[in-house]
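User: I'm new to this one. Can you walk me through the structure?
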Amino acid sequence: MAQEEGGRLAEVRARVAASHGITDLAHKLHFYDRWAPDYDQDVATLQYRAPRLAVDCLTQALPGPPHTALILDVACGTGLVAAELQARGFLQLHGVDGSPAMLGQARARGLYQHLSLCTLGQEPLPSPEGTFDAVLMVGALSDGQVPCSAIPELLRVTKPGGLVCLTTRTNPSNLPYKEALEATLDRLEQAGVWERLVAWPVDRWELATSELEVAPGTSARDGFISGIVYLYRKQQATQVEG
Ligand SMILES: C[S@@+](CC[C@H](N)C(=O)[O-])C[C@H]1O[C@@H](n2cnc3c(N)ncnc32)[C@H](O)[C@@H]1O
């Protein structure tokens, strides 16, 4: 039995490691199309906790009763973030993703009021300025997925005073992306368009896909990689430029 479980974990690690190696967006989205039917089971095997961590962070800061908040889940995948939000009473959920098959899984979950196909970095979000009380993007900020240049688009569709919650991994191969991301986040803060409320480093983010990702001297422990959750509040009156 334990041998079977070990074999399954090795299989999932190999699959996810292959996905991390894809840096071309079109290839990555095709990869997600093929992965969609097995995604939930595979990330459970990896003990992927990002949706829960991000939703915990966001919902502690969101004012007002949960059912009144309109929330956009960007790169929603199969809808794991929506499941966490619904469990806390958030019911007005919209989602976008660049993979039709991942969106199909999200639709089958039945938790989103609207789902749209949208490739971040190539096209705008399909919503007017200032629509959402909160915007989340979980598990999609890395090479070959959502480029840092798409961050202002998240801000555009957020209401003045609304919240934006983002996650990224802090394992060695993602550190150059994380650095570029933080430069973008800081530049927007210096421009006065939003303020950082939280930067929450998390040790046990998900199981590493290889020993190389658990770098000596980092905070990763027990075969886990680390990650980080950011929470920002959009200023009341801002002009968002790309
Ligand atoms: C690791 S999954 C995360 C899904 C979900 N947020 C979760 O945490 O389970 C990454 C998702 O981002 C989507 N994605 C990656 N790059 C994208 C892009 N540029 N535009 C839209 N979706 C993208 C993929 O199709 C995939 O569904």
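User: How many helices and strands does the protein have?
Analyst: It comes to 8 helices and 7 strands. Both are DSSP runs numbered from the N terminus: helices are H or I with at least four residues, strands E with at least two. This is a predicted model, where local features need pLDDT of at least 70, side-chain atom pairs count only at pLDDT 80 or more, and totals for chains, interfaces and linings use all residues. Residues are numbered from 1 along each chain as its sequence is written.

User: What order do the strands take in the sheet?
Analyst: The order is β3-β2-β1-β4-β5-β7-β6, in an open sheet of 7 strands with mixed pairing. Two strands pair if DSSP finds at least two bridges between them.

User: Which strands stand at the edges?
Analyst: β3 (114-117) and β6 (194-207) do. Each has a single partner strand, so one side of each is left without a neighbour in the sheet. The twist averages 15° from one strand to the next.

User: Do β1 and β2 run parallel or antiparallel, and how many bridges join them?
Analyst: Parallel, with 5 bridges between β1 (residues 70-74) and β2 (residues 92-97). Ile 71, for one, has Leu 93 in β2 as its bridge partner.

User: Which strands does helix α6 touch?
Analyst: α6 (residues 100-109) packs on the sheet and touches β2 and β3. Contact means C-beta atoms, placed from the backbone, within 7 Å. The direction of α6 makes about 175° with that of β3. Axes are lines fitted to C-alpha atoms, for helices over the stretch in contact, and angles run from 0 to 180 degrees between N-to-C directions.

User: New topic. Which residues are closest to the ligand?
Analyst: Ala 75, Gly 77, Gly 98, Ser 99 and Gly 139, out of 23 residues that surround the ligand. A residue is near if its C-beta atom, placed from the backbone, lies within 6 Å.

User: Which element gives the largest share of that shell?
Analyst: α2, with 4 residues.

User: And what span does the C-alpha trace have along its principal axes?
Analyst: About 55 × 40 × 35 Å.

Conventions: Contact = placed C-beta atoms within 7 Å.
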